[in-house]
Amino acid sequence: MNDMRLAERTVDTDAKAIKFQCRDVQVWYGEKHAIKDVNVDLLDKTVTAFIGPSGCGKSTFLRCLNRMNDTIPVARIAGRMLLDGEDIYDRRVDPVQLRAQVGMVFQKPNPFPKSIYDNVAYGARIHGLARSKADLDGIVEKALRGAALWDEVKDRLGETGTGLSGGQQQRLCIARAVATSPEVLLMDEPCSALDPIATAQVEELIDELRSHFSVVIVTHSMQQAARVSQKTAFFHLGNLVEYGNTDDIFTRPQDPRTESYISGRIG
């Protein structure tokens, strides 16, 4: 644990506005009770890390935040998840529109077999965010700049996105996610397939993005959670065991299960 560099605390995260309120959230996959009575508030313009052993429920809970579990026929969700006070599971909520507000970046980079430009422009097109080609050009450039990729690809926007390096592909996927101007960005193990240099680039990008979005990241790396997040939630066996400031979770955990995981005795 001594090699962990805790993310800088330049603001009082407790004073931040609440972006997501999650109350009594439960998830079943058929008969399997995957998430059990989770209650947590996720803050705006803050990076929150979900940590815990494999199969503990952290990715399942992450996918609840933009209703990705809707795509799994055997999944059933109970409880309330409020985004800016609105229940995202209300029958009047369109999941497609919700996913424009709550973007997602997956474990393995998954650029479309399209040009770099068309990858980033995809969401803006389907959601009608651009009224002209000039508008779309501006959205693409802004998103690529936001993903720290513009300078590397600005002269080859017509080339396929799958031809980029692994780290560039993941930043392209981040650009695609932020092009719809989401309010929340979900990241499920975004660096697990990347080399250390690309991982460092993505981590720097996450720190920059939190000035614009609420970022929630699932990671198996406690070092990464300590570096990039201001809040940390520890999951174990489908339960949210402990949630708080990252430095408190890693240096002064309140629950013995958290301390056992941080110290490597479980997991």
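Trainee: In which sense do strand β1 and β2 pair, and over how many bridges?

Mentor: Start with the general idea. Strands in a sheet are joined by backbone hydrogen bonds, and the pairing is either parallel or antiparallel. This is a predicted model. Here β1, residues 18–29, pairs with β2 in the antiparallel sense, over eight bridges.

Trainee: Which residue in β2 is the bridge partner of Q21?

Mentor: The partner of Q21 is D41.

Trainee: What is the order of the strands in the open sheet?

Mentor: The four strands run in the order β2-β1-β4-β5, and their pairing is antiparallel. At the edges stand β2 (32–43) and β5 (86–87); each has a single partner strand, so one side of each lacks a neighbour in the sheet.

Trainee: Now the pockets. How much space lies in the largest pocket?

Mentor: The general idea is that a probe the size of a water molecule, rolled over the atoms, shows where space is left empty. In this model the largest pocket holds about 480 Å³. Its lining has 19 residues, with R99, M104, F112, Y122 and R176 nearest the centre. Two or more lining residues come from each of α2 (95–101), β6 (102–105), α3 (116–126) and α6 (166–178). By class, the lining has 11 nonpolar residues, six polar and two charged.

Trainee: Which helix gives the most to the lining of the second largest pocket?

Mentor: Helix α4, residues 133–146, does, with five residues. This pocket has about 300 Å³ of space. Of its 14 lining residues, K142, A143, V178, S181 and F213 lie nearest the centre. The lining divides into eight nonpolar, five polar and one charged.

Conventions. Residues are numbered from 1 along each chain as its sequence is written. This is a predicted model: local features need pLDDT of at least 70, side-chain atom pairs count only at pLDDT 80 or more; totals for chains, interfaces and linings use all residues. Side-chain values use heavy atoms; hydrogens and water are left out. On a 1 Å grid over the protein atoms alone, a cavity is a set of points where a 1.4 Å probe fits but cannot get out, and a pocket is an open set with protein on both sides within 12 Å along at least five of seven lines; lining residues have an atom within 4 Å of a point. Grid points are joined across faces, edges and corners, and a volume is the space filled by probe spheres set on the points. Ala, Val, Leu, Ile, Met, Phe, Trp, Tyr, Cys and Pro count as nonpolar, Asp, Glu, Lys and Arg as charged, and the others, Gly among them, as polar. Two strands pair if DSSP finds at least two bridges between them.
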